[in-house]
Amino acid sequence: MSKLPRSPIALEDRANEQGRLYSPSAARNRDAIAAVLARALPTGASVLEIGSGTGEHAVAACQVRPDLSWQPSDPDAASRDSQASWAGEAGGAILAPLEIDLLRSQTLAEIDGFDALVCMNVIHIAPWAVAEALAALAQGRLRPGGVVVLYGPYLQGDATAPSNLAFDASLKARNPEWGVRSLDAVVALLASHDLCLIEQVDMPANNLMLIFQRREPE
Ligand SMILES: C[S@@+](CC[C@H](N)C(=O)[O-])C[C@H]1O[C@@H](n2cnc3c(N)ncnc32)[C@H](O)[C@@H]1O
């Protein structure tokens, strides 16, 4: 169980305590997510997280896996301030946040190699080009034996949850380039970048955790 304090403050309100933001959805799902990350991430891994948002998932993961070195990031300055504020709860495991926007190549240039790339609740609320850039970044910088972990809702043909279909429609109404992504399309995209799906975990509220591993040359 995470030691993070619970807060009723909604992220949508962008309410904060000295820069620290609280996400209602993170409060609901962070323990389940941290439990999967805890067994999926390599020992002593350097983790790059894309679109870290408030930074609460990084804290929850590092509290159960203090061996990790976690690099949060976000294009949004208020989110990076929140990540920096939350980082103090993780005993030095969380580095100073980076400004990384997958659609701006100049923010990708300085990124070092990493053992794990984690991206949660991002690729549906951004253009498909973000998923493509994520796959290319993993292919270019993931170290041997490294993993990519994606979390979020997916379209799964006839098996798609009605709540995810409704979510897809609402995202597209906000921005036609957004939308819940097809599981098959995401798996195919990562496969085309030498990343094989090794595990698919059903998560609460019809979300999935997808774990990919780099395919090593024969
Ligand atoms: C729905 S929030 C998810 C935040 C956090 N990962 C979570 O699960 O609570 C989506 C995040 O993706 C980030 N984001 C949007 N477009 C992005 C891009 N082009 N590159 C990197 N991050 C992006 C946003 O700034 C935001 O923090």
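Q: Which residues of α2 are buried?

A: Buried means under 20% relative accessible area, exposed means over 50%, and partly exposed lies in between, with a 1.4 Å probe and protein chains only. In this predicted model, local features need pLDDT of at least 70 and side-chain atom pairs count only at pLDDT 80 or more, whereas totals for chains, interfaces and linings use all residues. Residues are numbered from 1 along each chain as its sequence is written, and side-chain values use heavy atoms, with hydrogens and water left out. The buried residues of α2 are Glu56, His57, Ala58, Val59, Ala60, Ala61, Cys62 and Gln63. The helix is thus mostly covered, with eight of its nine residues buried.

Q: Against which elements do the buried residues of α2 pack?

A: Helices (H or I, at least four residues) and strands (E, at least two) are DSSP runs, numbered from the N terminus. Contact means heavy atoms within 4.5 Å. The buried residues of α2 pack against the strands β2 (20–21), β3 (46–50), β4 and β5 (114–120), and against the helices α1 and α3 (77–87).

Q: At what angle do α1 and α2 pack?

A: Axes are lines fitted to C-alpha atoms, for helices over the stretch in contact, and angles run from 0 to 180 degrees between N-to-C directions. Helix α1 (residues 24–40) meets helix α2 (residues 56–64) at about 45 degrees, and their axes are 9 Å apart. That angle makes α1 oblique to α2; angles under 35 degrees count as roughly parallel, over 145 as roughly antiparallel, 65 to 115 as roughly perpendicular and the rest as oblique.

Q: Is the crossing of α1 and α2 left-handed or right-handed, and which residues make the contact?

A: A crossing is left-handed if the near helix is turned anticlockwise from the far one by less than a right angle, and right-handed if clockwise. The crossing of α1 and α2 is right-handed. On α1, the contact is made by Ala26, Asn29, Arg30, Ile33, Ala34, Leu37 and Ala38, and on α2 by Glu56, His57, Ala60, Ala61 and Val64. By class, this contact of α1 with α2 has eight nonpolar, two polar and two charged residues; Ala, Val, Leu, Ile, Met, Phe, Trp, Tyr, Cys and Pro count as nonpolar, Asp, Glu, Lys and Arg as charged, and the others, Gly among them, as polar.

Q: Where is Arg65 found, and is Arg65 buried or exposed?

A: Arg65 is found in the loop between α2 and β4 (69–71). Arg65 counts as buried because its relative accessibility is 10%.

Q: Which backbone oxygen does the side chain of Arg65 reach at 2.9 Å?

A: A polar contact is a pair of N or O atoms within 3.5 Å; within protein, one must be able to donate a hydrogen and the other to accept it, and residues adjacent in sequence count only if both atoms are side-chain atoms. The side chain of Arg65 reaches the backbone oxygen of Leu41 at 2.9 Å. A polar atom of that side chain also lies 2.7 Å from the backbone oxygen of Ala38.

Q: What is the phi of Ala205?

A: Ala205 has a positive phi of about 60 degrees, although it is not a glycine. Ala205 lies in the loop between β8 and β9 (207–214), and Ala205 is exposed, with a relative accessible area of 62%.
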